[in-house]
Structures are given as structure tokens and as C-alpha cells.
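I open this notebook to record what I looked up in the structure, entry by entry.

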Amino acid sequence: MKKFLVIQQKMVGDVLASTILCEHLKIHFPDSEVHYLINESTLAVVEGNPFVDKIILFKNDYRDSKLAFYRFLKSIKKEEYYATLDVYCKLESNLISYFSRADLKISYKKWYSKFIYTHLFSYSHNVKTTLGHAIENRLLLLSPLIPKLEKPDLAPKIHLLESEKKEVREFLKENNIDTSHPVVMVGLLGSQPSKSYPLDYLAKTLDFISEKHRVTFLLNYMPDQKDRVAEFLSHCTQKTRNYIREDVFCPSLRSVIGLFGQCNAYIGNEGGCSNISKALAIPNFSIFSPWISKTAWLTYNENSKNQAVHLADFKPEILDLPKKERKKNAEKLYQTFKPEFFQEQLERFIENEVVPNQ
């Protein structure tokens with residue numbers, strides 16, 4: 001029996017994207033065993049995935065203690081993997097791949113680690129991609145194992161149990177959420193300030209929706225961000241505030257995912273939340289940061305359910321600036337990314353995907 005190790009130590013969006021490698025491996029090697037190595041903070045998006053036989057958690061202790069990390073590497077060595085697919089390709093995953101002693105070690109070309117791997121690939125820059133570079137570059141790693149994919153358009157999925165879905169439905173009832181109107185999850189803040197659309201602009205975006213449509217807005221945020229929630233609400237019109245239920249809050253990522261699953265759409269910052277909504281097949285309208293590549297992360301955009309806007313759609317000259325400079329000046333660039341730019345596209349999205357039967 002072949003045993004595979006897929007390594008993806010990063011954020012929620014990356015971990016979700018790489019689940020398709022596990023699914024493809026299971027489709028083409030149904031009798032194999034697929035292990036998925038991820039950071040422990042991202043476990044919630046992989047739990048229940050039928051294409052992962054074993055989830056291996058990379059714990060924070062391994063970064064704090066060299067001894068703990070060495071013991072972890074020795075446990076990897078005992079697994080006797082046939083192949084490792086290192087999507088992360090950083091020092092930690094380089095060492096994990098090396099210690100795996102797998103027959104095939106597959107990753108991307110990096111000058112500092114090329115001696116470790118048997119197969120190396122350069123990142124794709126296909127400008128006509130509908131899958132997105134983030135997906136296409138992952139699929140490259142499968143080519144030494146699978147010459148032709150049986151289902152090349154597979155999308156990442158989150159698998160919720162029926163019991164979890166029932167629990168969230170009860171949670172909505174307990175909190176008096178009227179599901180006769182569309183429920184929209186709002187991604188209030190990105191993972192960092194340079195990935196967060198200005199709160200006053202996001203408030204105007206919701207004001208635009210509430211002027212024409214009766215919806216319920218739920219806010220996705222962390223407990224330590226309540227001051228930012230208050231700031232956001234101060235920018236909203238009273239009508240919009242009447243539609244916002246900022247008090248509805250889930251304490252864990254898995255419960256948040258369950259809540260996403262009961263929503264009619266996601267609107268907000270591109271990132272982990274937008275990728276969660278895609279993996280749950282929820283209509284998605286994402287606002288990209290000026291320094292993040294839309295070509296890479298606008299995945300599966302061949303249908304109207306997955307929409308996204310980027311400042312470069314309206315001011316393409318910003319792409320002449322180096323990525324580092326765009327990141328450094330993200331706040332200033334965001335100020336030029338006015339909500340009016342994409343209101344027409346947003347309205348089509350709302351009419352077609354969120355309130356088509358109203």
C-alpha cells in the first residue's frame with residue numbers, strides 16, 4: 001500500500017487549497033493512505049475530510065523547542081512514505097521531506113533546498129487560468145504521480161457533519177435570526193491591516209445593499225477586535241445597523257464554519273473567510289488587497305457565484321508598482337479603491353446569487 005504525505009503549513013486559505021491534492025491522490029490511488037500535515041490552528045477546515053486518512057498537526061511547540069521538533073521528525077521517518085508533496089517549501093517542511101526518506105520528494109524550485117527533492121517545479125504564470133495560480137501550482141506537484149487527472153477541475157471542499165448543521169440551525173433560532181430573508185456573512189477584517197478594506201468603505205458597501213434589499217448581516221471578527229466592530233458600526237447608516245447582528249458570535253473556527261454553511265452569501269475581504277465560503281459552495285464576493293495577486297487567488301471564477309474585485313480592475317497602472325511597494329502603501333492605495341467602483345458588479349451579484357427569488 002502506497003502512503004503519501006502532503007505538507008501545507010500555512011494559513012486557512014492555503015490549507016484548504018491543498019486539500020485537492022489529497023482528493024486527487026485518493027481518486028487515482030484508492031487503496032493508498034493519505035496523510036496531511038498542517039498547522040494546528042487550521043485543523044477546523046480539514047476535520048471530516050473523507051480524502052484524508054490521517055491529519056498530522058504541526059504544533060507551535062516544534063518551533064519553540066528543537067528537541068520537540070527533532071522528535072517529531074523522527075516520528076515522520078517511521079511512517080515510511082512512498083511520496084511527499086511539499087507545498088509549503090520552507091525550512092521546516094524541507095527538513096520534514098528530508099526525514100521522510102520517501103522514494104519521491106516533490107516540491108518547488110528553491111536554491112536552498114533543491115538537493116532534498118527528486119522532482120522540482122517552477123511556479124506557473126498562466127494568464128488565462130480559470131482555476132487560479134494557487135490551484136494550478138499545486139496541481140503541478142501531482143504530475144510525477146498522475147500524468148493526467150481524472151477530474152482536473154476539482155475544487156476544495158469543507159465537509160460538515162449533519163449534526164453540526166443541525167446545531168447551527170438551532171443556534172440561529174435561539175438568536176432569532178430571520179432566515180426568511182437572505183443571511184450574508186461579512187468579512188469585516190483581513191488577517192492583517194494591509195489586507196483589510198477600509199471600514200468606512202465597507203460600511204458604504206453594506207449601505208448600498210441595504211438601500212435596495214432586506215438582508216441580515218452577520219459579522220466575522222475575533223474577540224479582540226470588538227473596538228473595530230464599534231468603529232465599523234459608527235460608519236453605517238441606521239437602516240444598515242438595523243440589519244446587522246453583531247451580537248451573533250461563534251467561539252471556535254469550526255462553529256464559525258458551521259455558521260457560514262447556513263448563510264446565503266459572503267461579502268468582504270479576500271482571505272481565509274472567502275476561501276471557506278467557496279469550499280462550502282456559498283456565493284462569494286471578495287474584495288482583494290491591492291498587493292495580493294487576483295490571478296493567483298481568484299480561484300474557480302468561471303461562474304457568477306465566485307466574484308471578486310481588485311483595485312487593478314479599475315486602475316491597472318498600480319500593477320506597475322512592485323509587490324513590496326504595493327504592500328508598504330496598501331493603506332494609501334485602499335483609499336483610492338472607492339466602493340462606487342464596483343457597485344454595479346455587486347448589484348448584479350446580489351440580484352443573481354443572493355436574492356434571486358425575492
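**Entry 1: cores**

I looked up the largest nonpolar core, which has 63 residues, and those with the most contacts inside it are Leu 25, Val 45, Leu 145, Phe 260 and Ile 276. A nonpolar core is taken here as a set of buried Ala, Val, Leu, Ile, Met, Phe, Trp, Tyr and Cys residues joined through side-chain atoms within 4.5 Å. Buried means under 20% relative accessible area, exposed over 50% and partly exposed in between, with a 1.4 Å probe and protein chains only. The largest share of this core, 8 residues, comes from H1. I also noted a second, separate core of 39 residues, which includes Leu 189, Phe 217, Phe 285 and Phe 342.

This is a predicted model, in which local features need pLDDT of at least 70 and side-chain atom pairs count only at pLDDT 80 or more, while totals for chains, interfaces and linings use all residues. Residues are numbered from 1 along each chain as its sequence is written, and side-chain values use heavy atoms, with hydrogens and water left out.

Helices (H or I, at least four residues) and strands (E, at least two) are DSSP runs, numbered from the N terminus. Helix H1, residues 12–28, has 17 residues and reaches 26 Å from its first C-alpha to its last, close to the 24 Å expected at 1.5 Å a residue, the expected span being 1.5 Å times one less than the number of residues. Because 15 of its 17 residues are buried, H1 is largely enclosed by the rest of the structure.

For Ile 276, I left aside the neighbours within four places in sequence and found contact (heavy atoms within 4.5 Å) with Val 12, Leu 16, Val 45, Ile 158, Leu 253, Ile 257 and Phe 260.

**Entry 2: lining of the largest cavity**

Which residues line the largest cavity? I listed Met 185, Leu 219, Asn 220, Tyr 221, Val 248, Phe 249, Cys 250, Val 256 and Leu 259. A cavity is a set of points on a 1 Å grid over the protein atoms alone where a 1.4 Å probe fits but cannot get out, and lining residues have an atom within 4 Å of a point. Strand E8 (216–220) and helix H10 (253–260) each supply at least two residues of this lining.

**Entry 3: two loop residues**

Cys 89 and Asn 176 each have a positive phi of about 55 degrees although neither is a glycine. Cys 89, in the loop between strand E4 (83–86) and helix H4 (91–100), is buried, with a relative accessible area of 0%. Asn 176, in the loop between helix H6 (162–174) and strand E7 (183–187), is exposed, with a relative accessible area of 65%.

Key. On a 1 Å grid over the protein atoms alone, a cavity is a set of points where a 1.4 Å probe fits but cannot get out, and a pocket is an open set with protein on both sides within 12 Å along at least five of seven lines; lining residues have an atom within 4 Å of a point.
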